[in-house]
Amino acid sequence: MSTGWSTAVVLGRSMAGLAAAAALSRHFSEVVVVEKDPDLDTEQPRPGVGQGHHYHALAQGAVEALERLLPGIIEDLRGAGAVDVPFALGVRFYDAGDWQPNRDLGFVSLNATRGLIEQATAARVRRRPAVRFLGSSRLERLVFDRSDSDRGDGSVCGVEVRRADGALETLTADLVVDCTGRVSKLPEVLVRRGFDPIQQFTLNIGISYTSALFRAPVDTADGFSAVAVLPEPPTKRGGFVARVHEDTWIVSLHTRFERELPRSHQEMLAFAETIEVPDVAAFLRHATLQGEVRSFRKGEAVWRRFDRTERFPDGLLVLGDAIASFNPIFGQGMSVATLQACVLDDVLTERSARGAGLDGISRDYFPAAMAITRAAWGSSTAVDSAYEEVTGDRNPNAAQNTKVMRGLRKLIADDPKLHADMVAVGQMTTPGDRLMTPELIARALAAAEST
Ligand SMILES: Cc1cc2nc3c(=O)[nH]c(=O)nc-3n(C[C@H](O)[C@H](O)[C@H](O)COP(=O)(O)OP(=O)(O)OC[C@H]3O[C@@H](n4cnc5c(N)ncnc54)[C@H](O)[C@@H]3O)c2cc1C
C-alpha cells in the first residue's frame, strides 16, 4: 500500500530501522535503509550491533508488534529454529528473591539468538517491493533545505552518505528516520543547526554482560527452555540461560560496576557459582562451550526528550535506542522500538486518511512514541536507582517501587490474575499503570511488610 509519499530514508538497519522500514513501506513508494555495516543475510552478530552476542529476550510486546508490521514473521522464526517457550510454564524465573510461579498464562514466547531475530526480520522487510537496503554506507550528514542556516529553522530533505569506496552519495527524502541507536549524534546536529538542546536524562547504571553459546541436551535445565535470575538491590549478579535452537543454548551473566569479567567457561562457572540461586552454575557444569566468551559494557541508560522541544525540523523523526536505551536486563529495547514503529504506522495512516501532508508530523509522533518509552524507563530506572552506586537522573520512586514489587511478587503466588497482569506489564503488552492503582499498591505494601 502506498499513499502518495515518495521517498523515506531510514538510518540504521538494526531492529528499530527494520521495524521503521516495515511501517514506512506501507506509505512510501520508496524506502531506502542506510546501514554502515555490509548488507549480509546472516545470523552472525555484526560490528554495528555490539550487543548481538548477548541474550535478547523477545518480549510479547515485540512479538505482537513485529507480527502486526510483518505478518508471518513469527512463523519464519519458528521455521528457522527459534524455540517455543510456553509462558510461564517453560520459564524458570527468579525475580529479586522469589521464584515466580510456573502457571500457564496462555501465550507462547520465542527464544532465538539476536542475530536470528534480526536476520528473519530483515528477510521479511527485504520482500517489500518499496524497500532497498544500502549497506556499507555511513551517514555523513543530514541535508537541510536551507543549507546555510544555523537559526533553528528549515526542514530535513535528505542525507549524505559515504559509501565503502569513499564516494559521497546524496539521497533526497520526504522523511528521514534516525534509527542509528545509542550512538546517534542527532542532538549535537540539531544544536549546531541552531535548534534548542534536547533535554536528556542519563543514569549511570554500570551494567556488563558476559555471554557465550553452549551445547547441552534439551532437558539440561530441568525441562525449562529459559532460566532468568534477576537480583534485588543491592545484590548485583544475575544471569540468563536460554535454549535458542535445538541443543544450542545461550548463557548471559550480568553484573554492575565490576571491572573484572569472566573470560572463559571456567570463569563463567566461577562467576555463576556466586549468583544467589544455583541454577545457572548447574547448567554451566553440564554444558559444552561453543565459540568465544564475549563481554559488553553498558555504562549508561539514556532518554532523549525529543517530545519536549518546541522546534523540531520537519522531515525528520527518531525511533528506538536513538531516543532511549535502557538497562538491558529488563529486555525492553526491541519491544519499545517495534511498538514505536506501530505508532509511526498509525500516525501515517491517520494523516493519509485525512489527506494531510508530513508537515508537523513530529508533533503527532513523539508524544505517542514517548508514552512507550516512559513506561520502559519508569520501571527499569526504578530498580536501577535502588543501587547506591548508580548516579545521574535517579528515579525518585525507587524505594517505594522496591517495596511494591516485593509485595506484588508475594501476592502472585495465590493470585493468577495478578500474575498474568504482572507478566503482561513486564512483556510490554499492558501499560505499567495497571499495577499502580492505589488499591493494589496498598495490598502490595501490606504484603511486603507482613514478612
Ligand atoms: C547487552 C544487551 C542486551 C540486550 N537485551 C535485550 C533483550 O533481551 N530484549 C530486548 O528487547 N532488547 C534488548 N537489548 C536492546 C536491543 O538490543 C535494542 O533496543 C534493539 O537492538 C534496537 O536498537 P536500535 O535498532 O535502535 O539500535 P542498534 O541496535 O544499536 O542499531 C543501530 C544501527 O545503526 C547503525 N548505525 C549507527 N551509526 C550509523 C551511521 N552513522 N551510519 C549508518 N548506520 C549507522 C548500526 O550499525 C546499527 O545497525 C539489549 C541491549 C544490550 C546492549
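Visitor: Is H27 buried or exposed?
Guide: H27 counts as buried, since its relative accessibility is 1%. Buried means under 20% relative accessible area, exposed means over 50%, and partly exposed is in between, computed with a 1.4 Å probe on protein chains only.

Visitor: What sort of model is this?
Guide: It is a predicted model, in which local features need pLDDT of at least 70 and side-chain atom pairs count only at pLDDT 80 or more, while totals for chains, interfaces and linings use all residues. Residues are numbered from 1 along each chain as its sequence is written, and side-chain values use heavy atoms, with hydrogens and water left out.

Visitor: Back to H27. Where is its place?
Guide: H27 sits in the loop between helix 1 (15–24) and strand 2 (28–34). Helices (H or I, at least four residues) and strands (E, at least two) are DSSP runs, numbered from the N terminus.

Visitor: What does the side chain of H27 make a polar contact with?
Guide: The partner is the side chain of D345, at 2.6 Å. A polar contact is a pair of N or O atoms within 3.5 Å; within protein, one must be able to donate a hydrogen and the other to accept it, and residues adjacent in sequence count only if both atoms are side-chain atoms.

Visitor: Salt bridges next. How many does the structure hold?
Guide: The structure holds 39 salt bridges. A salt bridge is a side-chain nitrogen of Lys or Arg within 4 Å of a carboxyl oxygen of Asp or Glu.

Visitor: Which residue forms one with D39?
Guide: R13 does, and the closest N and O atoms of the pair are 3.1 Å apart. D39 lies in the loop between strand 2 and helix 2 (60–69) and R13 in the loop between strand 1 and helix 1, so the pair ties together parts that are 26 residues apart in sequence. D39 is partly exposed at 31% relative accessible area, whereas R13 is buried at 7%.

Visitor: And R46, which residue is its salt bridge partner?
Guide: R46 pairs with E35, with the closest N and O atoms 3.2 Å apart. R46 and E35 each lie in the loop between strand 2 and helix 2, 11 residues apart. R46 and E35 are both buried.

Visitor: Which residues do shared partners join into one network?
Guide: The network is made up of R13, E35, D37, D39, R46, R114, E118 and R126.

Visitor: Changing topic: how many residues of strand 1 are buried?
Guide: Six of the seven residues in strand 1 are buried. Strand 1 runs parallel to strand 2, and six bridges join them. In that pairing V9 stands opposite V32 of strand 2. Two strands pair if DSSP finds at least two bridges between them.

Visitor: Which strand pairs with strand 1 over four bridges?
Guide: Strand 11 does, in the parallel sense. A8 has L175 of strand 11 as its bridge partner. Strand 11 also pairs with strand 17 (residues 316–318), again in the parallel sense, over three bridges. There V176 stands opposite L316.

Visitor: Are the faces of strand 11 (residues 175–178) covered or exposed?
Guide: Both faces are covered: L175 and V177 on one side, and V176 and D178 on the other, are all buried. In a regular strand the side chains alternate between the two faces of the sheet.

Visitor: Last one, helix 12. Which of its residues are buried?
Guide: L440, I441, A444, L445, A447 and A448 are the buried ones. They lie on the same side of helix 12 because they cover an arc of only 160° around the axis, the arc being that of the directions from the helix axis to the C-beta atoms. On the other side, P438, E439 and E449 are exposed.

Visitor: What do the buried residues of helix 12 pack against?
Guide: They pack against helix 10 (398–411) and helix 11 (416–426). Contact means heavy atoms within 4.5 Å.
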